[in-house]
Amino acid sequence: MYSDYIVGEPIADTKAPDGPIEGRWEARRFGVKLVNPANKRKLTIIVVGTGLAGASAAASLAELGYRVKSFCYQDSPRRAHSIAAQGGINAAKNYRNDGDSVHRLFYDTVKGGDFRARESNVHRLAEISVQIIDQCVAQGVPFAREYGGLLDNRSFGGTQVSRTFYAKGQTGQQLLLGAYQALQRQVDAGGVEMFARHEMLELIVADGRARGIVVRDMVTGEIETHLGDAVVLATGGYGNVFYLSTNAKGCNVTASWRAHRKGAYFANPCYTQIHPTCIPVSGDHQSKLTLMSESLRNDGRVWVPKAKGDTRAPADIPEDERDYFLERRYPSFGNLVPRDIASRAAKTVCDEGRGVGPGGLGVFLDFADAIQRMGRAAVAAKYGNLFQMYQRITGEDPYEVPMRIYPAVHYTMGGLWVDYDLQSTIPGLFVVGEANFSDHGANRLGASALMQGLADGYFILPVTIGDYLARGVPPMANDHPAVREAVTSVQERINKLLSINGSRTVDSFHRELGRLMWDECGMERTEAGLRKALERIPELRQEFWENVKVPGSADTLNQSLEKAGRVADFLELAELMCLDALHRAESCGGHFRAESQTPDGEALRDDENFSYVAAWEFTGTGQPPVLHKEPLVFEYVHPSQRSYA
């Protein structure tokens, strides 16, 4: 059975230096081999994805002199999902003089990740955070400013300082436009060759190295091969395995999963983040969910009625009959507890029958106190575009009535395993941003995704990839057997999908898989539920390959074909996610096993048995994978039971 996984040899990150943690990144920067500027012009790097990590990486590598090929499946790099990020980006600038520091950001991130992240990686991220803001300001990113002209900050979950820089509720958009203009500068200069509307369908691995990709021109259907000296994946997360998520509909796991099948280990796939402030599901007609920024929890108060089944309008419920449950349970952090904790608390009160709205799957996010304290104009200045978006979607005015929110899938902390240099287990394959697993442990703090993406792309990868390239990459012919094999496998897969001509749509399979994953591998997991999912997923996958209907042809624009390939990969990934969740018989961060909780219902870790990164090796579809463990060592932030009370 698939659940009878094999435990293989441990895996180690051999690139992280020893010594005091404050000097490790500087030591690694000095220790890497360098590429002569004249030689950089002879080297080609393929970058897949144009979000914050991909666009910043492509632009930075081209600025260094490398020849870069950049790929995205959108019609423009500006359509990458990074543009949807709302709340902000963290940096340890301490502009508020409220006690922030690089070490505090490091500490908060390790603790927020429930002690399941590498200390070296997290400290490097905290160090670089201060450089990111300077870089973006120099690009002209319009961060919010205080009256005197200084950059403004606000608080996010899991911290007691204000370190989040923001551009109203459009921070991701403004940061992506900054990275995009840097990318387009290099496109115009000839340093980057841009391939929009091209989807990666296979990784080319020759003689043990990543040497290129196979892509499909999504407009003409043409299959193309592109070779290079190194490949960088910046293709985001896999939250759409749940069907309903806050991710854009196009977000998928195909690039990462193709690499996994070729030998890249997949780390901690069960670590998925459920965001507590999303607009609740309104019916079966929905194809995605909408995020309401975590920044709203700065001034909005989360509550439900104290009594079960209370269906009165919120204005009719007196103050003494309201339960501000986050403030009650976590008085030190209140409404700004980390996302995993806020999400589970909301689920708990809804499970008790105290939820609000249709089906009782919602809690109130109330701004009445903030409007009374600050005035409507001040609230509108901070959150106006978010309020407008909420009103357009729900038809309710959040200035007059509380928002209704409920947790939803938002981000994935798991991803391809990488070392300190961001290189996967396939030499020459580097992975940046959400596509890797490296920085957030079992739970990401709010406003840290943008920080990681830009740190990887602007500051880390341009240094570390040179060490690999400087050691020499042999030339490779276009007709290498590995190229022909990759192209053949892509063509055969496309032909298979089109030839089945069954009776079920791709979306029907995706919906069923998503519901199964949400029920059994979502906010709360149990051994029985995970085993149930592991029985059903192979059956669903077999039915997919026997009964899916993909209309149209391969030689033209065909969105059904695109979705079919992505769902086929989700059907394999889902199995690994459930196995990873089953084997990790503890609760930590976003991974909550009902069998492992404190008397107060909080996540109960098992550090003795599970303080490691789970890196999975692919052995074949439906075949037991191999588990490689990377032990986690904590020298500076010692694991303890997380408390935000």
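The model is predicted: local features need pLDDT of at least 70, side-chain atom pairs count only at pLDDT 80 or more, and totals for chains, interfaces and linings use all residues. Residues are numbered from 1 along each chain as its sequence is written, and side-chain values use heavy atoms, without hydrogens and water.

Five strands form an open, antiparallel sheet in the order 12-16-15-13-14. Strands are DSSP runs of E with at least two residues, helices runs of H or I with at least four, numbered from the N terminus. Two strands pair if DSSP finds at least two bridges between them. Strand 12 (272-278) and strand 14 (322-323) are the edges, each pairing on one side only. Three bridges join strand 15 (residues 363-366) to strand 16 (residues 403-412). Here phenylalanine 364 stands opposite arginine 404.

Now the cores. A nonpolar core is a set of buried Ala, Val, Leu, Ile, Met, Phe, Trp, Tyr and Cys residues joined through side-chain atoms within 4.5 Å. Buried means under 20% relative accessible area, with a 1.4 Å probe and protein chains only. The largest core has 184 residues; Ile89, Leu233, Leu429 and Leu469 touch the most other members. Helix 16 (residues 559-583) gives the most to this core, with 14 residues. Another core, of five residues, lies apart and includes Trp303 and Tyr324.

Arginine 339 lies in helix 9 (residues 339-351). Arginine 339 is buried, with a relative accessible area of 5%. Its contacts (heavy atoms within 4.5 Å) include Phe156, Glu294 and His410.

Technical notes:
Buried < 20%, exposed > 50% of the residue type's maximum accessible area, 1.4 Å probe, protein only. Lists of a residue's contacts leave out its neighbours within four places in sequence.
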